[in-house]
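Here's a quick tour for anyone meeting this structure for the first time. Have a look at the sequence and the model before reading on.

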Amino acid sequence: MTHSVKRTWLTMMVALLLVAVAAGCRRAATDDPAHRLVSGWNRYCMGDFDFAVRNFNEALVRVPTNCLLRQRLLHGLATTLDLRRPGEDPVRAEQLYREAITIAPTNDLSAWCWLALARMKNLPVSGELADLDQQVRAYQEVVDRFPFHPAGEEAFLSQQAARIEKPDEARTREVLTALETFIRMHPQSPWLSTAYSLVGGCCAILGLPEKRLEAALLELKTEEMDPLNTEPDMSGIYWKIATLAEFETGDFALAREYYRKVMVDFPTDQRVFLAKQEIAHMDDMESRIRQEGGER
Amino acid sequence: MIRDLIKFVRGNGALIFVAVVYLWSAVAILSYRKAQTPPGVTIELRIGHWQLEAGVRDAFEKMAAEYHTLHPEVSIVQDAIPEGSYGTWMTAQLMGGTAPDMMEIGLGVPYNIQLAYLSRYFLPLTTYLNQPNPYNRGTNLEGDPWRKTYKDAMRGNYQQELKEYMTVPLSQFGIRIFYNRDLFRKLTGLEKAPPDYRSFLEACRTIRSRKDERGLPYTPISGSGYHVGMWDAFMCNPLTYGAVRRADFNRDGNVGCDELFVAFKTGLLGFDFPPFQAKFRMLRELTDQFQPGFTGLGRDEAVMLFAQQHAVFITTGTWDFGSLVEQARGVFDVGVMDFPMPTPDDPEFGRVVEGPAFERPQSSFSFAITRKCKHPEVALDFLRFLGSQPGNQELNRIIGWIPAIQGATLPPMLRAFEPRLDGIWPAMPIDSLGGETTVKWGQMYSLFQVDQIDYKKMASEFLPFYLEHGVQELNEFNRNTHRGTAGVEQMLAGKQERAREASGVEALSEWIKYRQLTAGQLLVRNLDAGLLQKRLQNGVVTNATGPYEFNPELIARVRNHLHAQEKELQ
């Protein structure tokens, strides 16, 4: 090979090297740990768990210990290892959650890490629920540490939901009392509507129709309104109130009001036909009772 | 030097060949794309769909050209992919990061996978759908939130599991009966299509009694394994509506397969329930009007029988409307009629038919915007253009489908497809509790369809099996709900992080969505299952009232309530 051909090859190699160096420089720009955190979560949300783990891990080696960014990266990595399927690593995930907590034990993210630890212990295995006592204890740890934090409130409601999953009257009474105390003590909680929904569940088990209807009305009243979705579909809760009023408490006026709300606000709903039938059903029942009274 | 070069080429021939081919293909692709792109275009968007019908592709071409006139910098290119490979193609494109900017959603992957894809690879559109569509300016829909301009207010497009609107639908679909007007007139002597079940059956009998020039009897209804489901869904299944009052234990308006089983097991329902008997009796009467061996035939064979004028009626949807009319053009006149439901005074079915069949006015032909799209605002604007009153009218006029937007006019022939919003719906999901009972039901039902066993035999063979195996299957059904918990938590953790990253009103919205999803999918979702198990444990209860029936205690309450009211008035 002559010198000129060799020179051509050499030039090409240098050019390639320059391109590689340029690409490397571009990559350096994305090595910012904060950027990696966002990128890691984006990968997580897209189900690219290997890339998510890589992003979190690569950023973790670049951040100092005991900084809040490190806590967020640890939480991201722990969540990925905890919830990725397949390839989950619950042992490592638990270590990471706990490491994240030690950075700032009382801050907001730590509360969510504690809740994640509780949820890890309660994940059903092969469709079978975890032991109830274990679930109750795991959630209680979060409630004790963060009683007024949304994560603590979520833990409390998860705990009560677990306790009524298999209906048992004595336990359901305890849950009902606990929920009523929660509602009294947490009047500003964003979880109020869910709490009322669980109260309704308890009343269904215990056969308390009046209280169940009241809970459904309060569930509707305390429902959070999404500012970016101002006209949510409320047909489900309207229907629940209407049918409870008609068949559980015999409050036909209230039932008619909520059946009509379904008919007017959601005219394309499948249940509109049944709503019309039920209004006629109630009219018929009332007229028969009136007729009976007249005959007497 | 030249000798050295030749030597070098000889020594590295394979490598050089690969490099040349690569360069050639790169240049070819680039020049092809450049040729496709009109001059002045700086933004090229791709839209992927599975509608290979000529009308759809033409419509997209024309609408894209019109959009280009309004926005000369934008060009829209479509990727039309065959139905059979759409799922694989979509999966490969999304995972490879090479998906088009907009994709049609609803085919090719199971619902749970589709949900995961929507969550991972597509942009939520809730915010934009709650804003007015600028292309509705000057129409009666000006200023209305885009979502509200849809005929169904986009209720069917809300992803309850994600608490988001993810897609923009562009058309509505409907199913009706098509008939050969000329043949119908010739064979029955009638001018108008039979409006009710009895006169329809009578017309079918008359048709069957007539013979063609070869001496073969005419077939009243052209059927197949594909078409029988439509007759079942639109005429027979709705007859089971009465079961809602006996088995909709959670009173959500629908009977679930778990609720139906518990109703059977506790004696609230059985195969002797008149609406169930009616459904199967009607199915038998209808399939008697099909050609023999219809279950073994496919969709195309049934269409051919109709097109060759050996059958008078066929049922199909708006998607086939254009091609059926096209096949009949110049040969015979095609009419469209509604499903002929029994009238209230029908001696056989009048008691159980409480109304016409309800049709969910769901809009589909839905498109979502991928997260990888470099110009999501332009993709959204193009979808706004197609989803505006004038744009949607034009798009559907070209295709021959029903517009999804209010006030968009539709051709007279398609008016028969407007959905019926007031009516009854099916309430006998006996074929979906679990593996073994589903298989057993499938076997029994197939034998019934081909007239090898009657209803009594089908019921007596299936019921003991159902009651015995159903308990285990119900438990497995509940375990399956729990098996999904990890997937739900995975999605919720992503939502939580999104809320943490957001600020202002967006953060508030994201946290609310997180809480609503957590409540619905983790906290209260098992309450109904627990109550159902309790009901199952209580066993058979004689004279039990159904969930939509008044028990004596309630009637006494109402009586007291009314008396108290009357006293107050006095």
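What follows is a short walk through chain A and then a sheet in chain B.

Keep in mind that this is a predicted model.

Let's start with chain A. Chain A has 296 residues, and 42% of them count as buried. As for contacts in chain A between residues at least 6 apart in sequence, 48% of these link residues at least 24 apart.

Now for chain B, where there's a sheet to look at. Four strands make up this open sheet, in the order 8-9-7-10, and the pairing is mixed. Strands 8 and 10 of chain B sit at the edges with a single partner strand each, so each has one side without a neighbour in the sheet. On average, and ignoring direction, neighbouring strands here are turned by 30° against each other.

Here are the strands of that sheet with their residues:

| Strand (chain B) | Residues |
|---|---|
| Strand 7 | 175-180 |
| Strand 8 | 219-221 |
| Strand 9 | 311-317 |
| Strand 10 | 334-337 |

How do strand 8 and strand 9 of chain B pair, in the parallel or the antiparallel sense? They run parallel, joined over 2 bridges. T219(B), for one, has A311(B) in strand 9 as its bridge partner.

A helix joins the picture too: helix 7 of chain B, residues 181-188, packs on the sheet and touches strands 7, 9 and 10 of chain B. The direction of helix 7 makes about 60° with that of strand 7 of chain B.

Key. Residues are numbered from 1 along each chain as its sequence is written. Chains are lettered from A and ligands numbered from 1 in the order in which they are written. This is a predicted model: local features need pLDDT of at least 70, side-chain atom pairs count only at pLDDT 80 or more; totals for chains, interfaces and linings use all residues. Two strands pair if DSSP finds at least two bridges between them. Axes are lines fitted to C-alpha atoms, for helices over the stretch in contact, and angles run from 0 to 180 degrees between N-to-C directions. Two residues are in contact if their C-beta atoms, placed from the backbone, lie within 7 Å. A residue is buried if 20 or more other C-beta atoms lie within 10 Å of its own, exposed if 12 or fewer, and partly exposed in between; C-beta atoms are placed from the backbone.
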